[in-house]
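Have the picture open while you read.

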Amino acid sequence: MSLTTASEVLKILDDQADVHVTVHNSTPILRYYHMASMLHSQASVYLSEDDHERAYVQLKKFAKLYLLGIAEHNSYNSKTYQKEKLKYKRLCNEALENIKDLRKIIAGKHVAIEAAPAAGKTDSGGKESEAEVEAKQIKILDEKKRAGVEETRDRFSLLRIPSKANDESVSTTEIALDSKGTGPITTTQPIQANAHKPVKEEPVDRTHSATVKQQSSSGLRTVRIGSDLTKKFMGFASKNTRKNVETCGVLCGVLKKNEFDISACILPPQSGTANTTTTQGEEKLIELQESKGLLTLGWIHTHPTQACFLSSIDLHTQFSYQVMMPEAVAIVMAPTDRRCREGKFSLTLKGLSIIAACSKTGFHQHPDPSTMYAKACHVKSSSKLKTRFYDLR
């Protein structure tokens, strides 16, 4: 049986951390700090659970986002965000040290695995001595070091990104965010809600909810949702629903054992119409999430009189969530849709690619929208999980 070598494992992990998105100066830097916070929080959980490989990937994503995204943003040196600058600069330096340590730990794990078969062999009928086995392990480690498993102390070399001195890139910088190939962030709408007002009414396909395909959950971490969540949310939304006004909430939760639990729903200050909802107070929303240690895991909103589907505006909103967290889910509550009153959706790879290249706002047409999103199979309901609501309206 062939064994995966330490260098091969590290190469796989490096590849997982090397998918790129584009940072735009038109997008508030606070939003990128929030992305960085989510990556760092996930890494911290993995470290506490001794899940070294996943911690390594998240820390590399975090460090790249800070060094090549946030640090290059026009607002980075603004007095308004000096507190965040100092905090994340410190966290980045710590992350770089942790990355170096984790490379050693991960390499050491797999060196031991590689050496194990040799330890079982015999020479002239006798087992190898412990000294011989140890000598082989040291030799393998030395070979890996010379081959480049141990990175230099230079932070750009450590992260396998170009040195700033040799980088004449344009104002937007490629940074790592996730392992799903989501592409560049091209929208400027708030992450937390459906923020566009309609240019013109989009035809509503009331048969659409019955034809949405299922999205494969391959590669995505499981997201658990309390069975009480949607019913409670509809209670908070009931006043608006009776007036034919949309309501939205942000789904938040925690990471544990490589799975997410949606444990909270925040209803930010918002205004709505029959087809849209717009939120305000993003800074307070992020402050609440970070004070409670909550990750952004998606969003939920109502279609008071429409079918259960994702409109063109919804697709762009979901893109902004899914770029930040590949497992992010969009829940649509459609009380008048008899065939599907509740849907849990995520964008397909095709949908991510199309939205990444789309700069249109308001209601507009996309090619074959039914293939751009699907039922989120990685989302599971749990009767044991309870949801706490924070109504900031």
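Which residue takes a positive phi in the hairpin of β7 and β8? That would be K257, with a phi near 55°. The hairpin has two residues between its strands. Keep in mind that this is a predicted model.

Now let's stay with strand β8, which spans residues 259-267. Seven of its nine residues are buried, so you'll find the strand mostly covered. Here is how β8 pairs up with other strands:

| Partner of β8 | Residues | Sense | Bridges |
|---|---|---|---|
| β6 | 223-226 | parallel | three |
| β7 | 248-256 | antiparallel | seven |
| β16 | 388-391 | parallel | four |

Next, hop over to helix α10, made of residues 349-356. Which of its residues are buried? They are G351, L352, I355 and A356. These four sit on the same side of α10, because they cover an arc of only 130° around the axis. There's a handy general rule here: an α-helix has 3.6 residues a turn, so residues three or four places apart point the same way.

What do the buried residues of α10 pack against? Their neighbours are α9 (312-324) and β13 (342-347).

Note on methods. Residues numbered from 1 in each chain as written. Predicted model: local features only at pLDDT ≥ 70, side-chain atom pairs only at ≥ 80, totals over all residues. Heavy atoms only, no water. Buried < 20%, exposed > 50% of the residue type's maximum accessible area, 1.4 Å probe, protein only. Pairing = 2+ DSSP bridges. Arc of directions from axis to C-beta. Contact = heavy atoms within 4.5 Å.
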